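Student: I have a structure open and I'd like to learn how to read it. Could you take me through some of its features?

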Amino acid sequence: MHWELEITLLIFGVAAAWLSISTRSLLTSAVTLTVFSFLMALSFVTMGAIDVGFTEAVVGAGVTGIFIIIAIFKTARQSPEKPEPRLRAPRLAALLLFGALLIYGSTGLPDRGDANALLHRDPSAAGTVNAASYYIQNAYEDAATPNMVTVILADYRGYDTLGEEIVILAAGLICFLILRTTRERRERERRKSDRFNR
Amino acid sequence: MSFFLGHYAYWFIIGLLLIGFYAIIFKRNLVKQVIGLSIFQTSIILFWVASAVKWNATVPIYDPAFPLEETANYINPLPHTLMLTAIVVGVATLGVAFALLITIYKHYKTLDEEELIKEMKRW
């Protein structure tokens, strides 16, 4: 949409991401990761994805930051300066191979923003109606809601969203169970040490 | 110039992917590795959102000034919907990762990968 604004936000985003993994204090790392998430939310809005920007600002920048800060306060606050791990050369080779493959792949992608790219073309490559065009043309008529993303999320792909809720429920239950068993064990150990002291 | 305008976002995304991958394979602290995972995830979301863009199109909210018949008027809403789901699921899995980290720290009193491997071999 506005490529100057996009480039500025992306440069700051890359800088914040690099800062967040290279600093030694984990608290600084958490804060810069939040900054990175918020810059990403801004660039989503610049690219026209308002709903994704909202969600990233609330869930990505807010909740992730809170999770990391809770985890840091329950564990160690510093990541002490240690030598890099063993097997340096194969890891570096994997990183470089990954980057080279990605750059090679990106040259084959269609130009961004081209309305005739395969992703947006109607009819699609298989000769059928493009799903996205169908949603754009029929969403307002079918659900009387102007926001197409909401209509797809709640009406056309409602089962998808239901599955997402099940994943969140499962994740919450897993967190609860993991942290609960440790508390029980701590109480058992305390009782044991009480018995010893008596 | 048009090749640059059509592809620069992909190069930034590749940079972010490499930063996340570097943190996952090179950092010894497990919290740093999870942060790298989060950066990796966000850059994939950025890729989907970036490829949904159409130049000179409006946001996917119905506006009577832009006729619906011409789909080039509206940005592709389908990747946005899929990424909404991905962000929320990503944060849920991140919560599970941190719960596991807290448990590991209570057991072994360290979050350093190599020290953990040494401790686990001793048991």
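Student: Let's begin with the rings. How many aromatic pairs does a search of the whole structure find?

Tutor: Before we count, keep in mind that this is a predicted model. The search gives 13 aromatic pairs over all chains.

Student: And how do I describe one of those pairs?

Tutor: In general, you give the distance of the ring centres and the angle of the planes. Take A:Trp18 and B:Tyr22: their centres are 5.7 Å apart and their planes lie at 40°, so this pair is tilted.

Student: Where do the two partners, A:Trp18 and B:Tyr22, sit?

Tutor: This pair crosses between chains: A:Trp18 is in helix 1 (residues 3-22) of chain A, and B:Tyr22 is in helix 1 (residues 2-26) of chain B. A:Trp18 is partly exposed, at a relative accessible area of 43%.

Student: What about B:Phe4 and B:Trp11: what kind of aromatic pair do they form?

Tutor: Another tilted one, with 6.3 Å from centre to centre and 45° between the planes. B:Phe4 is partly exposed at 32% relative accessible area, and B:Trp11 is partly exposed with a value of 32% too. Both belong to a cluster, in which ring pairs link B:Phe3, B:Phe4, B:Tyr8 and B:Trp11.

Student: Which charged end sits over the ring of B:Tyr8?

Tutor: That of A:Arg112, 5.5 Å from the ring centre. Remember A:Arg112, as we'll meet that residue again.

Student: How many salt bridges does the rule find across the interface of chain B and chain A?

Tutor: It finds 0 salt bridges there. What you do get between chain B and chain A is 18 residue pairs in polar contact, counting pairs with both residues at pLDDT 80 or more.

Student: Can we zoom in on a residue from chain A? Is A:Ser29 buried or exposed?

Tutor: A:Ser29 is buried, at 0% relative accessible area. You'll find A:Ser29 in helix 2 (residues 26-46) of chain A. Setting aside neighbours within four places in sequence, A:Ser29 is in contact with A:Ser20, A:Thr23, B:Lys32 and B:Ile35.

Student: And what does A:Thr55 touch, beyond residues up to four places away in sequence?

Tutor: A:Gly60, B:Leu84, B:Ile87 and B:Val88. A:Thr55 lies in helix 3 (residues 50-74) of chain A and counts as buried at 16% relative accessibility.

Student: Back to salt bridges. How many are there over all chains?

Tutor: The whole structure has 4 salt bridges. In one of them, A:Glu6 meets A:Arg112, with the closest N and O atoms 2.7 Å apart. A:Glu6 is in helix 1 of chain A and A:Arg112 is in the loop between helix 4 (88-107) and helix 5 (131-143), so the pair ties together parts that are 106 residues apart in sequence. A:Glu6 is buried at 0% relative accessibility, and A:Arg112 is buried at 2%.

Student: One last feature: what should I know about phi?

Tutor: Most residues other than glycine have a negative phi. B:Asn56, though, has a positive phi near 60°. B:Asn56 lies in the loop between helix 2 and helix 3 of chain B and is exposed at 77% relative accessibility.

Technical notes: Residues are numbered from 1 along each chain as its sequence is written. Chains are lettered from A and ligands numbered from 1 in the order in which they are written. This is a predicted model: local features need pLDDT of at least 70, side-chain atom pairs count only at pLDDT 80 or more; totals for chains, interfaces and linings use all residues. Side-chain values use heavy atoms; hydrogens and water are left out. Rings of Phe, Tyr and Trp (its six-membered ring) pair if their centres lie within 6.5 Å; planes under 30 degrees apart count as stacked, over 60 as edge-to-face and the rest as tilted. Helices (H or I, at least four residues) and strands (E, at least two) are DSSP runs, numbered from the N terminus. Buried means under 20% relative accessible area, exposed over 50%, partly exposed in between (1.4 Å probe, protein chains only). A charge sits over a ring if NZ of Lys or CZ of Arg is within 6 Å of the ring centre and within 35 degrees of the ring normal. A salt bridge is a side-chain nitrogen of Lys or Arg within 4 Å of a carboxyl oxygen of Asp or Glu. A polar contact is a pair of N or O atoms within 3.5 Å; within protein, one must be able to donate a hydrogen and the other to accept it, and residues adjacent in sequence count only if both atoms are side-chain atoms. Contact means heavy atoms within 4.5 Å.
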